[in-house]
Amino acid sequence: MPAYCTPEDLLSRYGLEELFQLAPGPHGQPDQAKVQRACDDAGDMVDGYIAKRHTLPLSATPRLLVRLSAAIARYDLYLGGDRQPTEQVKTERDHAIAFLRDVAMGKADLGLDATGAEPAEDGGGVVVAQGEPRNVTAGDLSHYRGGWRG
């Protein structure tokens with residue numbers, strides 16, 4: 001399955017310096033393969049939760065899933081060597097997992113239908129009704145709110 005977040009998403013969210021510290025590569029750049037692997041692993045974890053409610057692969061990726069999978073991928077990059085995730089990184093990952101659990105149990109929603117598509121947007125147009133003109137009198141409205149006060 002494709003990842004929900006990309007190395008570019010992690011770079012824009014967390015910055016070059018942090019990614020390089022977590023996955024050092026040549027020429028002062030993060031190790032693309034390691035960062036991509038973290039994104040793929042996070043996507044697999046997300047799929048494990050949402051597969052109960054949505055047909056995979058999703059036809060659209062909500063921004064929420066990008067954010068949640070980025071938090072999971074970032075946490076995974078912190079593991080290994082002598083690094084330990086900061087409290088903030090751990091909390092973000094824990095919140096992502098808790099939300100995904102809620103999705104799996106039907107307590108939270110991704111804003112997608114069961115097939116993984118975003119709901120069709122409302123056209124937002126004008127509703128036009130046709131028919132014979134009707135004259136409404138005060139007597140017609142007398143049973144509403146204690147009578148007509150016109």
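Predicted model: local features only at pLDDT ≥ 70, side-chain atom pairs only at ≥ 80, totals over all residues.
# Reading helices, contacts and a core

Biologist: Where does Ser69 lie, and is Ser69 buried or exposed?

Modeller: Ser69 belongs to helix α4. Helices are DSSP runs (H or I, at least four residues; strands are E, at least two), numbered from the N terminus. For burial, look at relative accessible area: under 20% is buried, over 50% exposed, and in between partly exposed (1.4 Å probe, protein chains only). Ser69 has 0% relative accessibility, so Ser69 counts as buried.

Biologist: How many helices and strands does the chain have, and what percentage of the residues is buried?

Modeller: Five helices and zero strands, giving the pattern α-α-α-α-α along the sequence. The chain has 150 residues, and 32% of them count as buried. If you take contacts with a separation of 6 or more, residues 24 or more positions apart account for 66% of them.

Biologist: Which residues have the most contacts inside the largest nonpolar core?

Modeller: First the idea: nonpolar side chains tend to be buried together in soluble globular proteins. A nonpolar core is a set of buried Ala, Val, Leu, Ile, Met, Phe, Trp, Tyr and Cys residues joined through side-chain atoms within 4.5 Å. The largest one here has 32 residues, and Leu10, Ile50, Leu65 and Leu77 have the most contacts inside it. At least two residues come from each of α1 (7-14), α2 (16-22), α3 (32-50), α4 (63-78) and α5 (87-104), and α4 gives the most, with 10. Not counting residues up to four places away in sequence, Leu10 touches Cys5, Gly15, Leu19, Val35, Cys39, Ala70, Ala73 and Leu77.

Biologist: How do I read helix packing, say at what angle α1 and α3 cross?

Modeller: Axes are lines fitted to C-alpha atoms, for helices over the stretch in contact, with angles from 0 to 180 degrees between N-to-C directions. Under 35 degrees is roughly parallel, over 145 roughly antiparallel, 65 to 115 roughly perpendicular, and the rest oblique. The axes of α1 and α3 come within 9 Å and cross at roughly 95°, so these two helices are roughly perpendicular to each other. Pro7, Glu8 and Leu10 of α1 meet Gln32, Val35, Gln36 and Cys39 of α3. That contact divides into four nonpolar, two polar and one charged (nonpolar: Ala, Val, Leu, Ile, Met, Phe, Trp, Tyr, Cys and Pro; charged: Asp, Glu, Lys and Arg; polar: the others, Gly among them).

Biologist: And at what angle do α3 and α4 cross?

Modeller: Roughly 125°, with the axes coming within 8 Å, so α3 and α4 are oblique to each other. The residues making the contact include Met45 and Ile50 of α3 and Leu65 and Ser69 of α4. By class, there are 11 nonpolar, one polar and three charged residues.

Biologist: What about Pro62: which residues is Pro62 in contact with, leaving aside neighbours within four places in sequence?

Modeller: Leu110 and Leu112. Pro62 sits in the loop between α3 and α4 and is buried, with a relative accessible area of 8%. Its C-alpha atom is separated by 7.6 Å from that of Gly111, 49 residues apart along the chain.

Notes. Residues numbered from 1 in each chain as written. Heavy atoms only, no water. Contact = heavy atoms within 4.5 Å.
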